[in-house]
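Hello,

Here is the structure I promised to pass on to you. Have a look at it first, and then read my notes below.

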Amino acid sequence: MQIVFSDAQYWNNFLPLTYTRPVAELRCGILTFSERWKTLLEIENCSYITEDYLQNKYPAPKKEEALFIVPNFLPTEGVLEQIKDLKFGEALVYKDELLAARINMDNFSLNQIEKMTDIHEDLFFFEKHTDLFSRNNAAIEFDFDLITKNRTSQPLSETNGFLGEKSNLFIEEGAVVEYSTLNCKTGKIYIGKNAEIMEGCHVRGSLALCEGSIINMGAKIYGATTIGPKSKVGGEVNNIVILGYSNKGHDGFLGNSILGEWCNLGADTNSSNLKNNYSEVKLWSYQSEKFEKTGLQFCGVIMGDHSKTAINIQLNTGTVVGVAANIFKSGFPPNVVEHFSWGGMKGDEKFTINKAFEVAEIAMSRRKVTLEENDKKILTYIFNNFVS
C-alpha cells in the first residue's frame, strides 16, 4: 500500500519554500514530514498530490489503494492508532477538514468514504512556514523519541563539557564532537550520522544536527534549531530551521528563520529578528500579495531554495527571499526579495535561467548531488510563471 501526501490545504501557506517541493518534503524537527510518516506507519512507498509542475519530481499516486493523509502534524498515540486501523472507505476528520482516509486512488473521490470519524484530541499542526521554527522544539522532541527508542547512543568524548541528562543526548555512528559544551537542560540534542561539532562550540538544546552536517569552530547555537543534512553553520544562530544542503558557515547572526536547500549566506550576513519598536512582525504573503501579520514578535528571514547573500549583507526583520535570488548590493534589501533577483533590490535585473543552472550545478556538485532535469524544469517553471 502507498501513502499519499496531500498539499490541497496548506501549500500556499509555506511559500516560498514550497515553490520547489510539496509540503510533505519540508523539514521540521529531525525529519521531513514524509520521513516521519514513513517511519510511524512503516510504509516506504509514498506519492504526492501537489502542483502539476512538481509532479515529475514528486510522483503522483499510483492507481491503487492508498492511505491518504495531510502530512503536516504530529499525531498523538491515539490518533496514530486510529490512522493505522482505518478500513477501506473510512476517514478521519479534524476541525471539519479531512485528515486521513483509506481509499482507492484509481478513482479519487471523497464519495468513496462511507464512514467519517471526528478527531476530538488537540493535534499539533504546522499550518504555515513560521510554525517550522516557532514549533520546532516539539518536533525535535517527537522525532528524538521516535528514532532513538531502544537504541544506544555513541559515547560523548570526555574532552567536552556537558549539562543535563545523558538520556537527552543521542550521537549517531561516525559523528565527531570534541572540546565543545553541550547543554541538554534546555532541550534534547541529536547529532546525526557523520555530523561534526568542531572545537570551541557552545550548544544549547534543543538541536537536530542532521546527517553529514557541520557546526564550525566557535559557533554559538541556541535552540530550538534544526540543521538539515549536509549543511554548515557558524557564528550565532537562535531557533532556526535549515532544510538541508545550505551554508551559514561564517560569523553573523541568524534567528527565528528558515533557509531552504542550496542557500548560502556570505560572511557577516546578519538578519534582524526583532523590530526596533518590538511590534508584531509582518511577512509577505505570495497568496494575498500583501504583507500579513504573523502573530510573532521574533521573526527573521524565510529564504527559498538556491538563494544567496554576499558578505556583510544585512537583512531586515521579517524578510522573505524568493527562489534563486542573489543579494549583493549595499544597503538593506526590501522585505520581499524577488525570485531570481540579481542584486536584491526591487526592480533589479533578473538572474538568467541558464546562469542559475550553472551556479546550482557547481554548488550541488560540491555535495556530490546532480542538478537533474526535473530540477531544471521546476526552476524554469518558477522563472516563467512567477517572475515579473
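Let me begin with two helices. H5 (residues 353-365) and H6 (residues 373-386) pack with their axes 11 Å apart, at an angle of about 140°. Please keep in mind that this is a predicted model. Two packed helices are described by the angle between their axes and the distance between the axes, which is why I give you both values.

How are H5 and H6 set relative to each other? Angles over 145 degrees would count as roughly antiparallel, and the pair is therefore oblique. Their crossing is right-handed.

Next, the residues that touch. On the H5 side, Ile353, Phe357, Glu361 and Met364 make the contact, and H6 brings in Asp375, Lys376, Leu379, Thr380 and Phe383. Sorted by class, this contact has five nonpolar residues, three charged ones and one polar one.

Now for some empty space. Rolling a probe the size of a water molecule over the atoms shows where such space is left. How many cavities of 30 Å³ or more does the structure hold? The answer is one, and the largest cavity contains about 60 Å³ of space.

Around the largest cavity you will find His306, Lys308, Ala324, Asn326, Phe351, Ala356, Val359, Ala360 and Leu379. Helix H5 gives the largest share of this lining, with three residues. By class, the lining has six nonpolar residues, two polar and one charged. Look out for Leu379 as you explore: this residue of H6 takes part in the contact with H5, and Leu379 also lines the largest cavity.

Enjoy exploring!

Best wishes

Terms used
Residues numbered from 1 in each chain as written. Predicted model: local features only at pLDDT ≥ 70, side-chain atom pairs only at ≥ 80, totals over all residues. Heavy atoms only, no water. 1 Å grid on protein atoms, 1.4 Å probe; cavity = no way out; pocket = protein on both sides within 12 Å on 5 of 7 lines; lining within 4 Å. Points joined across faces, edges and corners; volume = space filled by probe spheres on them. Helix = DSSP H or I, 4+ residues; strand = E, 2+ residues; numbered from the N terminus. Nonpolar A, V, L, I, M, F, W, Y, C, P; charged D, E, K, R; others polar. Axes fitted to C-alpha atoms, helices over the stretch in contact; angles between N-to-C directions. Parallel < 35°, antiparallel > 145°, perpendicular 65-115°, else oblique. Left-handed = near helix turned anticlockwise from the far one by under 90°. Contact = heavy atoms within 4.5 Å.
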